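Subject: Structure handover

Hi,

Here is the structure for you to look over. My notes on the charged pairs follow below it.

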Amino acid sequence: MWVFSSAWAASTFVVTSTAYTSSVRETDSTPFITATGARTRFGIVAVSRDLLPTLPYGSQVRLEDLGSVNGRGRGQFNYLFRNTIFVVEDTMNRRFRWRMDIWMPNRSTAISFGVRKLRVTVVRLGRG
């Protein structure tokens, strides 16, 4: 596991990523509220619990789409990521490791996103 210090701001690594929406079947009983109490919106990401020491709540990141886990469709979702700084405000189910989940406003975009590799660049660790 990587644990970053403040010297790691602007570091880059790759994670497996999926997308989610505010649906009860994809979340808990409070689908519009994140683990930190923030309201869901585009720009919110959830990380697997093993990544919280690396990317604590409030961390800001930039994302780059590296394509599906099979390497297809590289950059297909960069149009969504290009001008957005994402904030870690949520966590994923305990069963996931070394993963990130991006909140999407609709189910069809989340399904199209599928399972992808993302390059994550840390802009700021924690709430700063």
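A residue is called buried under 20% relative accessible area, exposed over 50%, and partly exposed in between (1.4 Å probe, protein chains only). This is a predicted model, where local features need pLDDT of at least 70, side-chain atom pairs count only at pLDDT 80 or more, and totals for chains, interfaces and linings use all residues. Residues are numbered from 1 along each chain as its sequence is written, and side-chain values use heavy atoms, with hydrogens and water left out.

The overall picture comes first. The protein chain has two helices and six strands. Both types are DSSP runs numbered from the N terminus (helices: H or I, at least four residues; strands: E, at least two). Their order along the sequence is β-β-β-α-β-β-α-β. The chain has 128 residues, and 47% of them count as buried.

Contacts are heavy atoms within 4.5 Å. Take those between residues at least 6 apart in sequence: 80% join residues at least 24 apart.

Now the salt bridges. Side chains of opposite charge can pair when their charged atoms come close. The rule used here asks for a side-chain nitrogen of Lys or Arg within 4 Å of a carboxyl oxygen of Asp or Glu. That gives four salt bridges.

Arg 116 and Asp 65: this salt bridge has its closest N and O atoms 2.9 Å apart. Arg 116 is in strand 6 and Asp 65 in strand 3, so the bridge ties together parts 51 residues apart in sequence. Arg 116 is buried, at 4% relative accessible area. Asp 65 is buried too, at 0%.

Arg 119 and Glu 64: these side chains form a salt bridge at 2.8 Å, N to O. Arg 119 sits in strand 6 (residues 116-124) and Glu 64 in strand 3 (residues 60-68), 55 residues apart. Arg 119 is partly exposed, with 28% relative accessibility. Glu 64 is also partly exposed, at 29%. A network of salt bridges links Glu 64, Arg 74 and Arg 119.

Arg 127 and Glu 89: their side chains meet in a salt bridge at 2.9 Å, N to O. Arg 127 lies in the segment after strand 6 and Glu 89 in strand 4 (residues 86-91), so parts 38 residues apart in sequence are tied together. Glu 89 is buried, with a relative accessible area of 9%.

Best wishes
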